[in-house]
Amino acid sequence: MGRPAKLTLAFVLTAAFAISGRAETGPAPGPVRVIGSNAAGCIAGAVELPPEGPGFQEIRFRHSVFWGHPRTIALLELLGQRAHTAGLPDLYIDEISTPRGGPNPGHAGHQLGLEADIWLDAGPKPALTREQRQEIEVPSVVRPDGRAVDPAIWTEDHARLLRLAALLPDVDRIFVNPAIKQQLCQSTTGDRSWLRLIRPWWGHAAHFHIRFRCPAGQPECVQGPPPPPGDGCDASLRWWFDQLDQPPKPPSPPRAPPPLPAACRAIMDAPSAPARH
Ligand SMILES: [Zn+2]
């Protein structure tokens, strides 16, 4: 979920794939199984989002990170269609999961094929080659001091995109920078129920992270609790801004990631299904 600086991320991913050798590994064959939690889990039978489709384009697809549960892929395609119908430019979709999910060093979450990063870019999208789409940079929509969105960059279309995403079926949560949540709290009129699913988190100033609920028929998928009732425009949001006034804390020692469920070992070690083409 958290996204370190891009260079660091690229380095970590490259190193991780070099070590694991999984970049070329396809999905584990067999029926779809989602195993574990957002913090530690995996997926078998994942499917891949096409590089582009109505209303969306993948960007920065150097690595094989566009795999997910078939319902996740269908809902991302639905979001592209709905954004297109609403007159919004193409979405820039980034990481979903690797073909079998599992931990991704330097980038929490994205382990079950149920989460995706979508860039907060509401500008018109020129027709770019796939090579050019590798190098896309999207600016933060948040002021450098973190206390509000940047009025020179934030537009009503950013809010429309987040609302469309939150109104998709089966959304568990959407993570955005606290300043974005605050802006939505202040500007949303009419139905505010969707704001409950928009949750503040560190970073997430140039992209949002969408997490879908455990799909039906997946008893091994560990579903976390729903967000608290209400629109979240309350003390829980103010807490994030209070942190900006606190002296910086010494970095906490790195914690060992939770162990993968035992069933994931077989998923990770299974031979790939034969290529379909
Ligand atoms: Zn993410």
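These entries go from the confidence of the model to the metal site, the disulfides and the core.

**Ground rules.** I am reading a predicted model, in which local features need pLDDT of at least 70 and side-chain atom pairs count only at pLDDT 80 or more, while totals for chains, interfaces and linings use all residues. Residues are numbered from 1 along each chain as its sequence is written, and side-chain values use heavy atoms, with hydrogens and water left out.

**Confidence.** I looked up the pLDDT (the predictor's confidence in each residue, from 0 to 100) and found a chain average of 89, with 89% of the residues at 70 or above. Over residues 2–23 the value is below 50.

**Zinc site.** I looked for donors (N, O and S atoms within 2.8 Å of the metal, or 3.2 Å for Na, K and Ca; water is not among the atoms, so sites may look incomplete). The zinc ion has H110 (NE2), D117 (OD) and H209 (ND1) as its protein donors, at 2.0 to 2.2 Å. D117 and H209 are both buried (under 20% relative accessible area, with exposed over 50% and partly exposed in between, for a 1.4 Å probe and protein chains only).

**Disulfides.** My search for cysteine sulfur pairs within 2.5 Å turned up three disulfides. In one of them, C42 and C264 have their sulfur atoms 2.1 Å apart; C42 belongs to strand β2 and C264 to helix α7, so the link ties together parts 222 residues apart in sequence. C185 is joined to C233 at 2.0 Å, connecting helix α5 with the loop between β11 and α6. C185 counts as buried at 13% relative accessibility, whereas C233, at 27%, counts as partly exposed.

**Core.** I then turned to the nonpolar core (buried Ala, Val, Leu, Ile, Met, Phe, Trp, Tyr and Cys residues joined through side-chain atoms within 4.5 Å). The largest one has 42 residues, and those with the most contacts inside it include L162, I174 and F208. Its largest share, six residues, comes from α4.

Methods
Helices (H or I, at least four residues) and strands (E, at least two) are DSSP runs, numbered from the N terminus. Contact means heavy atoms within 4.5 Å.
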